[in-house]
Amino acid sequence: MNQQFLIKYHIGDRFLDQLTGRTKVILFLTSILTMMVSFDIRFIMPFFLIHLVIFISVYEHTPGLKGIIQFVIVMNLINILLYYLVNPVIGTDLAGRTTVLFKFNDYFVITYETIIYILARLMKIFGTLFISLWFIAIITPSQLAAGLNGIGVPYKICTMISLGLRYLPDVYRDFVAIKESMQMRGLELDAKKASLMHRIKSNVQILLPLLLVSFERVEIIASAMDLRGYGHGKKRSYYSDIDPTPKDTWVTTFAIFQLVVFVVYLIALVMGKVPAVWVW
């Protein structure tokens, strides 16, 4: 059931798995910031390749990623096609120059600058996807809570996030059990035999009572935590997190390097020292 949501509940044995929650969160945040700051392909490509290698190192050990990757690839290729159809010279507009490589007519042209822009955009999209997926693949809900708390997020919010991620598979399991039970009683939910609206309506009828029951369970958990004094202290510890090692120092150093590069490049971009889209 956990594989349905790509949620890990046990720390693995790989290099990235053995990092603390705080290190993982810091690496994730700095990686996302660095990947999103620019359309300069010189800036994006090195970090894209780094995070592609990281993703490949965890891909084989994380089931369920193939479908997500295929869906994102198809949707973003459609997105890129629509960008081109709306404005075939979008790269030219950003780069400030035009190098026509092929011309269909006066409107639909292929320019060198647009190709570079599209490549940079694809790298940003897939780089962000790879970062998100390797982060999901190496962190547990408890480590996520500990990591967020380690960078200053209030621990009550961290606990809410952790409990939500831990409870999600239980909700899904109950939903599947109820759905299968109703199908055995004659409710038709087969995509080949029932219309889309009928299936949506039937699933909503299953989901709404389940959500109400889930809220009752959450209230029980909240009451139990309150009786045990949760929330009275200003800080709390996380027994499930691991102690920092030299690996954390190395990875944190790399994360800080990414953050410095991000800040320096952002300042240069605001001051006009670097172009929005760079072409050779």
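Author: Let us begin with a definition: helices (H or I, at least four residues) and strands (E, at least two) are DSSP runs, numbered from the N terminus. By this reading, the protein chain has 10 helices and 2 strands. The model is a predicted one, in which local features need pLDDT of at least 70 and side-chain atom pairs count only at pLDDT 80 or more, while totals for chains, interfaces and linings use all residues. Residues are numbered from 1 along each chain as its sequence is written, and side-chain values use heavy atoms, with hydrogens and water left out.

Reader: In what order do the elements of the protein chain run from the N terminus on?

Author: The order is α-α-α-α-α-β-β-α-α-α-α-α.

Reader: What does the radius of gyration say about how spread out the protein chain is?

Author: The radius of gyration is taken over C-alpha atoms, and the globule rule used for comparison is 2.2 Å times the number of residues to the power 0.38. For 280 residues that rule gives 19 Å, whereas the protein chain has 24 Å, well over that value, so the chain is more spread out than a compact globule. Taken along the principal axes, its C-alpha atoms fill a box of roughly 65 × 55 × 30 Å.

Reader: How much of the protein chain counts as buried?

Author: Buried means under 20% relative accessible area, exposed means over 50%, and partly exposed lies in between (1.4 Å probe, protein chains only). Of the 280 residues, 38% count as buried.

Reader: Which residues have the most contacts inside the largest nonpolar core?

Author: The general idea is that in soluble globular proteins, nonpolar side chains tend to be buried together. A nonpolar core is a set of buried Ala, Val, Leu, Ile, Met, Phe, Trp, Tyr and Cys residues joined through side-chain atoms within 4.5 Å. Here the largest one has 47 residues, and F48, F55, F126, W134 and F135 have the most contacts inside it. Two or more residues come from each of α2 (21-36), α3 (41-59), α4 (65-86), α6 (112-138), α7 (141-150), α8 (155-184) and α10 (246-270). The most is given by α6, with 13 residues.

Reader: Is Q258 buried or exposed, and what is Q258 in contact with?

Author: Q258 lies in helix α10 and is buried, because its relative accessible area is 0%. Contact means heavy atoms within 4.5 Å. Leaving aside neighbours within four places in sequence, Q258 is in contact with L27, T30, S31, T34, F47 and H51.

Reader: How are contacts in the protein chain divided by distance along the sequence?

Author: Among contacts between residues at least 6 apart in sequence, 73% join residues at least 24 apart.

Reader: What does R22 touch?

Author: R22 is found in helix α2 and is partly exposed, with a relative accessible area of 41%. Not counting residues up to four places away in sequence, R22 touches G147, G150 and I151. The C-alpha atoms of R22 and E113, 91 residues apart along the chain, are separated by 40 Å.

Reader: How far apart in space are I11 and I138?

Author: I11 lies in the loop between α1 (2-5) and α2, and at 32% relative accessibility I11 counts as partly exposed. I11 and I138 are 127 residues apart in sequence and 7.5 Å apart in space, C-alpha to C-alpha. As another case, T245 and Y107 are 138 residues apart in sequence and 58 Å apart in space, again C-alpha to C-alpha.

Reader: Where is the place of G272?

Author: G272 is in the segment after α10. G272 is exposed, because its relative accessible area is 56%. Between G272 and H51, 221 residues apart along the chain, the C-alpha separation is 28 Å.
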